[in-house]
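Subject: Handover of a structure and notes on its contents

Dear colleague,

Please find below the structure that I am handing over to you.

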Amino acid sequence: NVGQYSGAYGTLGGSVINVAVDPVLTSLHANGSFFIGGNYNTIGGTAYQGVGYWTSAGFSTLTNGTVDRAIALGWGLDNKLYIAGSFTTAGGSANANNVASWNGTFGTLNGGLQGGGSVLALVVAPDGRIYASGSASGGTNCFNVWNGVQWSRVGAGITEQPQQLLRFGSDGNIFAGGLGSVANQTYIKFLTIWNGASYLPL
């Protein structure tokens, strides 16, 4: 379920991941390790909950992990790993709703994003803010931003269906892909731009 390629294919430490659904990877700085998130609870017979990491010494676990699926991973400017998905518990804390942070220990980001559903995508802004989207709303629609202290809705918000793709452009705009509508504005399908002040269709 997890492999490597350096002229020929091979496994990572003979790893076999059970129930490997929605796997995602993110690089960890310059030491060559990377993190794997998904819907699994063992790697090579060892208990891992939703997210673990690989180094040349083998796989390691994030203590207690996420009790359910980790869908999106990203590194913040604060050297924390941000984990989004469909879970209510991370690192043993029951107050992590669909998004959490990790830098040796887990953080719950002020209770995460509640309201059921999942966080399907996240992206780190150049200023360090964390943008997250999906069907988990925390009462502020489907597109939210974490400023290090609290969550807030991005502009008028995106409602109805979750946005599944977030990317920052070289111009600083955020591209959000999926299916949804902007509050009090024209229905937008598949791709929209947030320019820091308003949503623009493509």
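Leaving out residues up to four places away in sequence, N173 touches R167, F168, I193, W194 and N195, where a contact means heavy atoms within 4.5 Å. N173 is placed in the loop between β18 (163–168) and β19 (174–182). Strands (E, at least two residues) and helices (H or I, at least four) are DSSP runs, numbered from the N terminus. With a relative accessibility of 16%, N173 counts as buried. Buried means under 20% relative accessible area, exposed means over 50%, and partly exposed lies in between, with a 1.4 Å probe and protein chains only. The side chain of N173 also makes a polar contact with the side chain of D171, at 3.0 Å. A polar contact is a pair of N or O atoms within 3.5 Å; within protein, one atom must be able to donate a hydrogen and the other to accept it, and residues adjacent in sequence count only if both atoms are side-chain atoms.

Before you read further, please note that this is a predicted model, in which local features need pLDDT of at least 70 and side-chain atom pairs count only at pLDDT 80 or more, while totals for chains, interfaces and linings use all residues. Residues are numbered from 1 along each chain as its sequence is written, and side-chain values use heavy atoms, with hydrogens and water left out.

The chain as a whole

The chain has zero helices and 21 strands. Of its 202 residues, 46% count as buried. Among the contacts in the chain with a separation of 6 or more, 31% are accounted for by residues 24 or more positions apart. The chain exposes about 9,600 Å², and carbon and sulfur atoms supply 49% of this area. Accessible areas come from the Shrake-Rupley method with a 1.4 Å probe; for residues, only the protein chains shown count as cover.

Strands and their pairing

Two strands pair if DSSP finds at least two bridges between them. Strand β7 (residues 51–55) and strand β8 (residues 58–61) run antiparallel and are joined by four bridges. These two strands, β7 and β8, form a hairpin with two residues between them. Within this pair, G52 stands opposite T61 in β8.

An open sheet of four strands has the order β9-β10-β11-β12, with antiparallel pairing. Its edges are β9 (69–75) and β12, each with a single partner strand, so one side of each has no neighbour in the sheet. β9 is joined to strand β10 (residues 81–86) by six bridges, and the two run antiparallel. The bridge partner of L73 in β10 is I83.

The nonpolar core

Which residues of the largest nonpolar core touch the most other members? Of its 14 residues, they are F35, L62, L81, I83 and F106. β9, β10 and β11 (99–102) are the elements that give two or more residues to this core. β9 supplies the largest share, three residues. A nonpolar core is a set of buried Ala, Val, Leu, Ile, Met, Phe, Trp, Tyr and Cys residues joined through side-chain atoms within 4.5 Å.

Two residues with positive phi

L109 and N110 may be read together. Although L109 is not a glycine, its phi is positive, at about 50°. N110, also not a glycine, has a positive phi of about 55°. L109 is placed in the loop between β12 (106–107) and β13 (119–124), and N110 is likewise in the loop between β12 and β13. Is each of them buried or exposed? L109 counts as buried, at 6% relative accessibility, whereas N110 is exposed, with a relative accessible area of 57%.

V123 lies in strand β13 and counts as buried, at 12% relative accessibility. Leaving aside neighbours within four places in sequence, V123 is in contact with R129, I130, Y131, L166, R167 and F168. The C-alpha atoms of V123 and Y82 are separated by 9.2 Å, and these residues are 41 apart along the chain.

R129 also takes part in a salt bridge with D127, the closest N and O atoms being 2.9 Å apart. A salt bridge is a side-chain nitrogen of Lys or Arg within 4 Å of a carboxyl oxygen of Asp or Glu. A search of the whole structure finds one salt bridge. D127 is partly exposed at 49% relative accessibility, and R129 is partly exposed at 33%.
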